[in-house]
Amino acid sequence: MLRRVVPLLLTVPLLATSQVVVAQSISQLFQQGNAALSAGNFPEAERIFRRVIRLEPNNAGAYNNLGNALYKQGKLDEAIANYQQVIRLNPNHAIAYSNLGTVLHQQGKLDEAITFHRQAIRLDPNYSTAYYNLGTALSAQGKLDEAITSYQQAIRLNPNDAITYNNLGNALIDQGKLDEAIANYQQVIRLNPNHAIAYSNLGTVLHQQGKLDEAITFHRQ
């Protein structure tokens with residue numbers, strides 16, 4: 001009896017060791033893939049996350065990151081397919097819904113994009129990026145009041161996001177609220193003194209207010 005038990009016991013640590021090795025490999029690949037994404041090496045990131053999926057076909061995070069790499073390369077339909085796979089694997093994956101909305105926005109499918117951004121917010125009401133993305137889609141549709149509300153909520157959740165202040169300023173300009181727009185562009189510059197777009201936007205508003213000398217200064221900056 002003892003001889004029969006020993007081989008069975010030996011298979012357990014061997015299996016566990018194999019699983020640990022695979023898990024470590026996937027963790028290392030994720031680090032490499034994320035580093036490639038951060039460095040802008042999107043083809044390399046694509047290659048790495050495809051390898052992760054071969055090792056672990058049900059890894060929702062790998063499909064999401066592969067979608068990001070494909071999106072950055074302009075492979076929008078492939079990116080969509082990967083975000084959809086994330087949602088099939090994990091229907092509560094708020095990030096994938098918002099990412100899918102972003103790609104659909106790029107394709108001009110604004111109604112669909114808004115639907116997915118709203119779903120992301122329903123799943124995670126504290127997801128500031130989803131509010132920002134929703135704001136951009138609503139603004140593109142000319143729904144400025146709703147866009148401003150979304151941007152403001154994004155700022156409440158993430159008050160140091162310079163890009164959101166900039167887009168909020170743009171929406172306020174479209175409503176003719178120039179002083180409020182100026183305040184938002186100034187906040188962008190406080191958060192990021194190298195934000196060239198905010199300087200130019202601020203110069204444009206000052207020009208509209210007839211403050212030409214100040215406008216020229218900001219455009220030159």
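The model is predicted, with local features requiring pLDDT of at least 70, side-chain atom pairs counting only at pLDDT 80 or more, and totals for chains, interfaces and linings using all residues. Residues are numbered from 1 along each chain as its sequence is written, and side-chain values use heavy atoms, with hydrogens and water left out.

**Nonpolar core**
- Phe 49 and Val 52 touch the most other members of the largest nonpolar core, which has 64 residues.
- Such a core is a set of buried Ala, Val, Leu, Ile, Met, Phe, Trp, Tyr and Cys residues joined through side-chain atoms within 4.5 Å, where buried means under 20% relative accessible area with a 1.4 Å probe, protein chains only.

**Helices α3 and α5**
- Helix α3 (residues 60-72) packs against helix α5 (residues 94-106) at about 20 degrees, with axes (lines fitted to C-alpha atoms over the stretch in contact; angles from 0 to 180 degrees between N-to-C directions) 11 Å apart.
- The two helices, α3 and α5, are therefore roughly parallel, a term for angles under 35 degrees.
- Asn 64, Asn 68 and Tyr 71 of α3 meet Ile 95, Ala 96, Asn 99, Thr 102, Val 103 and Gln 106 of α5.

**Helices α9 and α11**
- The axes of α9 (residues 162-174) and α11 (residues 196-208) come within 11 Å, crossing at roughly 20 degrees.
- Asn 166, Asn 170 and Ile 173 of α9 form the contact with Ile 197, Ala 198, Asn 201, Val 205 and Gln 208 of α11.

Terms used:
Buried < 20%, exposed > 50% of the residue type's maximum accessible area, 1.4 Å probe, protein only. Helix = DSSP H or I, 4+ residues; strand = E, 2+ residues; numbered from the N terminus. Parallel < 35°, antiparallel > 145°, perpendicular 65-115°, else oblique. Contact = heavy atoms within 4.5 Å.
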